[in-house]
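Here are my notes on this structure, as numbered points. Please read them with the model open beside you.

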Amino acid sequence: APTILRQDYTPYPFRIPTVDLTFDLAPGLTQVHSRLSVERIHPEAAPLVLNGEALNLISISIDGHVLSPEHYQLDDHQLILHPEKAAFTLEIISTCRPAENTSLMGLYQSGHSLFTQCEAEGFRRITWFADRPDVMSRYTVTLQADKTQFPHLLSNGNLLHHQALPDGRHQAVWEDPHPKPCYLFALVAGDFDCREKTITTRSGRQALLQVYCDKGDYPRTAWALDCLERSVLWDESRFNLELDLDRFMIVAARDFNMGAMENKGLNIFNSAYVLADAQTATDASFEAIESVIGHEYFHNWTGNRITCRDWFQLSLKEGLTVFRDQEFSADMMARGLPDSAALSARTVKRIDDVTALRTAQFPEDAGPMAHPIRPDSYQEIGNFYTATVYEKGAEVIRMQHTLLGEPGFQAGMAEYFRRHDGQAVTCDDFVNAMDSVYRQQAPGKDLAAFRRWYAQAGTPRVSVDLQYDPQTAQCVLTLSQRCDPVGVEKLQNPAVAKPPLHIPFALGLLGADGSPILLETDGLSGETLVLDLTQTTQTWVFKNVTQRPVPSLLRNFSAPVIVEYNYTDEELALLARKDPEPFSRWEAGQSLATRCLLAMAGKQGQSGTAKAAIDLLAATWADIAGDASLSPAYKTRVFTLPSERVLLEKMSPINPPALALARRALRRQLGQALQDTWQTLYDDMCATLDGQTYSPDAASAGARALKNCALAYQVAATVSGALERAERQYYNADNMTDRMGGLTPLVNHAPEDVKTRALAHFYDQWQANPLVIDRWFALQATASSTTVADVQALMAHPAFTLRNPNRARSLVFQFCLNNIQGVYCEAGYAFWAEQVMALDQINPEIAARLARAFDHWGRLVPKERQAIKLQLEKIMQRPSLSRNVYEIISKALT
Ligand code: B3K
Ligand code: ZN
């Protein structure tokens, strides 16, 4: 497969100012009549190259004259014309087959409805077009279909007319006043329920907000509409950005490759990120819905009004929009709280975001698919919707926010819109706007070294050296950064020294009793300072430090780096108990737990060597449990051990089963050691929640999380009565969070009959609700006793299908990615390879994601490494692999 290079970008030689599409919609065969106004930009005789895939050509004409085949070249993916005129109307009539389209890219059927997904390169499966984001057009769309089967016909923008046609058909005409790239085109046809509300935007305009769902799902759309309204208000108040449409629609689809899609005015969502009520959705789902609805809405400005010049710039819109959705969620969680509680609430969100980064992005940055947030090359762009582009991209935006401060960052955003509204631009254009503000704010400084974050892959390491001299009362801090070549960097030039990055490094110092020490250096002073680390090694001297300090490093995770500093266990415990900065406080506890786990895993699960550290961890947790100043949500994060996937990155060679055993053993020990603590927490949280009707707000979600965390430790430790309590909680719950809080420990620890009865009861209760049945599959897929044979048996269940991405993810992905005890064996690897190949026939984008499950194979213990390599080679030998899977597997093997 050819590799596309960022440096090869050339502008498109034509403009296509207007696009007029008429769809004759039917699931079996849909006809598309496209009428394009085309204007040559370059005077030269550049051909007009249009992309097209899986289309059937009916006719082509220019200014009304039908072209015969000798006037164009057509193959499987391109249509090439050689127009003589400088401006003309091109008409193309073609057909496609939505019901046969299992890739879920382009126009496809889901349930009884029709949906589109065009980003990145799906529009070419609808009609021949310049399928690239820098060609922007005004769209008029006419949809015709059977009226009974498809009473709702939706597209971007405003509805111009709707009328009946002969033979039980009808048509709707939509016009989108905003020029857009074709990846933001959308249509939906189906029979839906709709919840709606008219709001008044800041400037006094009326806007209609709508959430469409399958018939019968209406009661589960209230939260989504509420989230949408709050998103609109938040973007006005925090970013000064107002909704630019009269109508904003969200439609829920059962079959969807990703979370959701920001099509202009017509967002299409995976139903998992729309539908929720107390009975069927967990607190985590409510929270995820809020963040995805915010994310897609915020794209309306960052992505749609200003879009990407080419797909290498994907992080321009994704990193920025993830940063914005993270801030939205944090602001929602902190709403109405006094300052200290607000900080704690925001920190809980920060902890969750950093955990997500470490779970998915750090491994990616250390593996064969490592790439800069702005990649330099790709074979298949669908493979680059990655944790690096999204989550690390958001960290790179967040660092700019840290360097400029909120007012400076907002000034930079205003400058970005002033310069580029309505354009397709690059990451450099964004940093230029921020840099213009930064230079004004801090004369002599600029973002030159900072820009390297866009060009380099790999997670940098910052090592910290601290020297204290009691005579002079000075503390000398030296920070050194390094980042070894990774991924393609390693192939291209393994010896190259990567230039240093600009790392904003936030830190504080604590006295032996945990009290903060005022930092004074070079005209800066404060309890937290953000140091500008721009060189490979830099030193700072802090004055008037009257006692040997304990450093609190990388506060609030001020940069996406790994910090290396030799703390003693006691210093970590001190920070975990006393650090006034809540993120670093959490981090210290996690570091102590990590030490225990790695020591245990190194000794095949025997915890003797780690005894002292475990006792210290337990004592620290007991103190934190009793600290009334900390919120239940925060405590839950403290009491959650780092996941296997985060821990794997810290082990060399990686031994996943040993880690899984160690983690289980430590959970059991902490369950036993802190029995009274768990009991108190459980009772307290029950009392807090008692008598309240379910609400997904952050405070009650936090109380439920802590209650269920305490229960899980009690069950893990086989405390007497704990299983019965979990069972009671499962059967009596009045909301899905508590139901899962009871069922999860049962499935992992209860005797077979108790477990089977509960699972059968669950299936029976919820079989009509696919999103709940996804939970049922996922819970079994991740249970520690589940084997490959169990998963195969579940795949034979009538409710299972590989064709629905949510279902495939709930069982196959959950097992391959998150069941460490089940999948790391020869049968597990063979199962994985089989599923990659089976999925590749159905949906290459989804298959390529599963193909990445063992990206870290080269760092595993030798026996496992060999076994996985065999499977990689087996996949590679398969004829007719998709470009998606080919790219992943070939990179894994180099
Ligand atoms: N922009 C979409 C991504 C869809 C890509 C599918 N290949 C979702 C989002 O980031 O908002
Ligand atoms: Zn996005």
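1. The model is predicted. With those terms in hand, take residues 223-449: this span is 57% helix and 9% strand. Its end C-alpha atoms are 43 Å apart. UniProt lists residues 223-449 in an unreviewed entry as "domain: Peptidase M1 membrane alanine aminopeptidase".

2. A second annotated span has another make-up. Residues 85-184 carry the UniProt annotation "domain: Aminopeptidase N-like N-terminal", again from an unreviewed entry. Here the chain is 0% helix and 54% strand, and the end C-alpha atoms lie 29 Å apart.

3. How is the chain divided into domains? Domain 1 covers 1-190, domain 2 covers 191-272 and domain 3 covers 311-439. Further along come domain 4 (461-566) and domain 5 (767-894).

4. Next, the surroundings of ligand 1. The ligand has 14 residues around it, and the closest are E119, M258, M261, G382 and Y385. Domain 2 and domain 3 each contribute at least three residues to this shell. Among secondary-structure elements, β20 (260-261) and α2 (283-298) each supply at least two. By class, the shell holds 5 nonpolar, 4 polar and 5 charged residues.

5. The bond joins E119 to A120, and omega is about -5°. A120 is in the loop that runs between β11 (113-117) and β12 (137-146).

6. Where else is a cis peptide bond found? The bond from S652 to P653 is cis, with omega near -10°. P653 sits in a loop too, between α13 (644-648) and α14 (656-673).

7. One backbone angle deserves a check. D522 is not a glycine, yet its phi is positive, near 40°. D522 belongs to the loop between β29 (519-521) and β30 (524-526).

8. Now the boundary of domain 3 with domain 4. The contact involves 14 residues of domain 3 and 10 residues of domain 4. On the domain 3 side, α4 (339-365) and α5 (387-420) are the elements that give two or more residues. Of these, α5 gives the most, with 5 residues. The domain 3 side divides into 8 nonpolar, 2 polar and 4 charged residues.

9. Helix α5 also packs against helix α3 (residues 314-334). Their axes are 7 Å apart and meet at an angle of about 70°. Why are α3 and α5 described as roughly perpendicular? Angles of 65 to 115 degrees count as roughly perpendicular, and the angle here is about 70°, so α3 and α5 are roughly perpendicular to each other.

10. The residues that make this helix contact can be picked out in the model. From α3 they include L314, L320, V322 and F323, and from α5 they include V389, Y390, V396 and I397. Charged residues are present as well, including E318 of α3 and R398 of α5. Taken by class, the residues of the contact of α3 with α5 are 9 nonpolar, 4 polar and 3 charged.

Terms used. Residues numbered from 1 in each chain as written. Chains lettered and ligands numbered in written order. Predicted model: local features only at pLDDT ≥ 70, side-chain atom pairs only at ≥ 80, totals over all residues. Near = placed C-beta within 6 Å. Helix = DSSP H or I, 4+ residues; strand = E, 2+ residues; numbered from the N terminus. Domains from an automatic or database assignment. Contact = placed C-beta atoms within 7 Å. UniProt positions renumbered as here; feature names shortened; annotations may be inferred. Axes fitted to C-alpha atoms, helices over the stretch in contact; angles between N-to-C directions. Parallel < 35°, antiparallel > 145°, perpendicular 65-115°, else oblique.
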